[in-house]
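Me: Hi! I have a protein model open and I'd like to talk it through with you. Could you help me get my bearings?

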Amino acid sequence: VTVNIHFGIAPEYRGQDSFFWSLYLRDYDRIGFTLHEVDAGVDTGPILARGFPALSATESEATLWAKCARMAVGITAELLQQADQQPLNKMPQTSRYRSWRARDRTMLKEMHFWWRQQVSPRRIPVRHARIERTYLARPLAQNAQPESQQEISDRQNVNRSGFYEIP
């Protein structure tokens, strides 16, 4: 398995400059990174994990990148260790979202973003860091129905200690 650390939340922010677009569109809930399997597309492979860094009101692209890089190293090491022990659970991506390209980030967009921050600054809401570990597969009991991806994600978000618990 070949994995990629994408600095953006996929599938909503695939491609380049994901932090800029999240900030530009004021989509603060989707600031983070995605660990996904590499496929033929650009940031379109099945999702293995997503990380959402703690946010403060004064974040910039540089601080977001640094926070996500720090989180991504730990989750990647954890994922590789898990891959040695059992198959990884993967969440397929939907294709209804666009991929951002370098040419989308024009000087006009940069000026608009700067001007909007001067005229009507909106503070980034404060939040705690969290990780969605999609790759953790739960062994099924005999005759049990598999969990949906949403149920797996919800259960893993409750476990903030970083340890996988089998109910």
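Reply: Happy to! One term to start with: a contact means heavy atoms within 4.5 Å. Also keep in mind that this is a predicted model.

Me: Nice. How many residues does α2 have, and how far does it reach?

Reply: α2 has 25 residues and spans 36 Å from its first C-alpha to its last, close to the 36 Å expected at 1.5 Å a residue.

Me: Zooming out, how many helices and strands are there in the protein chain?

Reply: There are four helices and six strands. Going along the sequence, their order is β-β-α-β-β-α-β-α-β-α.

Me: How much of the chain is buried?

Reply: Buried residues account for 41% of the 167 residues. As for the surface, the chain exposes about 9900 Å², with 56% of that coming from carbon and sulfur atoms.

Me: What about the largest nonpolar core, how many residues does it have?

Reply: That core has 26 residues, and the ones with the most contacts inside it are L23, I31, I75 and Y135. At least two residues each come from α1 (18–24), β3 (33–37), β4 and α2 (61–85). α2 gives the most, with six residues.

Me: Which residues does Y135 touch, leaving out those up to four places away in sequence?

Reply: Y135 touches L48, A49, I75, E78, L79, Q82, P87, L88 and N89. One of these, I75, is also among the core residues with the most contacts.

Me: Switching topic: how many salt bridges are there?

Reply: The count comes to twelve. In one of them, the side chains of E12 and R30 meet, at 3.3 Å from N to O. E12 sits in the loop between β1 and β2 (14–15) and R30 in the loop between α1 and β3, so the pair ties together parts that are 18 residues apart in sequence.

Me: Is E12 buried or exposed?

Reply: E12 counts as buried, at 15% relative accessibility. R30 counts as partly exposed, at 33%.

Me: Which residue does R105 form a salt bridge with?

Reply: R105 pairs with E61, and their closest N and O atoms are 2.7 Å apart. R105 is in the loop between β5 (99–100) and α3 (107–119) while E61 is in helix α2, so this pair ties together parts that are 44 residues apart in sequence. There is also a network of salt bridges that links D17, E61, R105 and E110.

Terms used
Residues numbered from 1 in each chain as written. Predicted model: local features only at pLDDT ≥ 70, side-chain atom pairs only at ≥ 80, totals over all residues. Heavy atoms only, no water. Core = buried A, V, L, I, M, F, W, Y, C linked by side-chain atoms within 4.5 Å. Buried < 20%, exposed > 50% of the residue type's maximum accessible area, 1.4 Å probe, protein only. Expected span 1.5 Å × (residues − 1). Areas by Shrake-Rupley, 256 points an atom, 1.4 Å probe, with all protein chains shown as cover. Salt bridge = Lys/Arg side-chain N within 4 Å of Asp/Glu carboxyl O.
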